[in-house]
Amino acid sequence: MLRGRTRRGRGSYVADDDPLDAAQERRVRAVLALGGVPQTDLPDGVQQVRLRLLERAASGREAPRDVSAWAAVVASHLAMDWHRAKRRQERLGERLAALRPAEAPSGEETSVLSLAVARGLDGLPDAQRQVVVLRFYADLPVRSIAEQLGVPEGTVKSRLHTAVRALRARLHEDEVV
């Protein structure tokens with residue numbers, strides 16, 4: 001660690017506890033702020049600079065000749081990293097927004113749709129209702145449904161197809177969709 005090491009001169013550090021003196025910390029904050037880092041993130045940036053200086057000392061490397069200049073360069077790199085991370089987050093947000101439906105149905109629309117689907121399910125024959133519930137509500141794959149019911153997969157697929165077609169017709173008939 002830097003404990004006990006001292007240097008005199010322009011970029012000096014007194015590293016008993018804090019590798020950055022007050023003037024160096026102000027300079028780091030200024031570089032971060034001028035680099036576009038928001039005020040709320042400045043303390044974290046200063047801590048990152050301290051951490052890198054401590055890591056440098058812990059690895060056995062010699063302290064920089066001008067700690068103040070070194071800290072300013074590290075701060076400028078941190079500011080660039082902050083902007084890169086922000087852009088990455090924005091792009092991720094845009095991609096996620098593109099995956100969402102344009103307009104989500106309101107609570108009332110969802111309730112009306114749920115009631116219509118429930119009525120439509122009630123109107124299906126038992127075998128068709130059973131496969132629809134197992135497939136779409138229990139989220140079981142066709143193979144598992146076939147195994148559980150003891151029928152061929154083709155029978156499950158046929159029942160699903162017929163049931164979905166009947167439900168769709170019922171929803172259009174009721175003018176829900």
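**Helix notes**

I began just past α5, where D139 takes a positive phi of about 60°. Helices here are DSSP runs (H or I, at least four residues), numbered from the N terminus.

Before going on, I noted that this is a predicted model, where local features need pLDDT of at least 70, side-chain atom pairs count only at pLDDT 80 or more, and totals for chains, interfaces and linings use all residues. Residues are numbered from 1 along each chain as its sequence is written, and side-chain values use heavy atoms, with hydrogens and water left out.

Back to α5: I checked its length. Its 12 residues (126-137) should span 16 Å at 1.5 Å a residue, and the end C-alpha atoms are 15 Å apart, which agrees. The expected span is 1.5 Å times one less than the number of residues.

Next I looked up burial (buried is under 20% relative accessible area, exposed over 50%, partly exposed in between; 1.4 Å probe, protein chains only). In α5, Q128, V131 and V132 are buried. Down the axis of α5 these buried residues fall within an arc of 100°, so they line one face. I took the arc from the directions from helix axis to C-beta atoms. D126 and Y137 are exposed on the face turned away from the buried side of α5.

Then I moved to α1, residues 22-34. Q24, V28 and L32 are its buried residues. They fall within an arc of 75° seen down the axis, so they line one face of α1. R26 and L34 are exposed on the face turned away from that buried side. Just after α1, I found G36 with a positive phi of about 95°.

Methods: Helix = DSSP H or I, 4+ residues; strand = E, 2+ residues; numbered from the N terminus.
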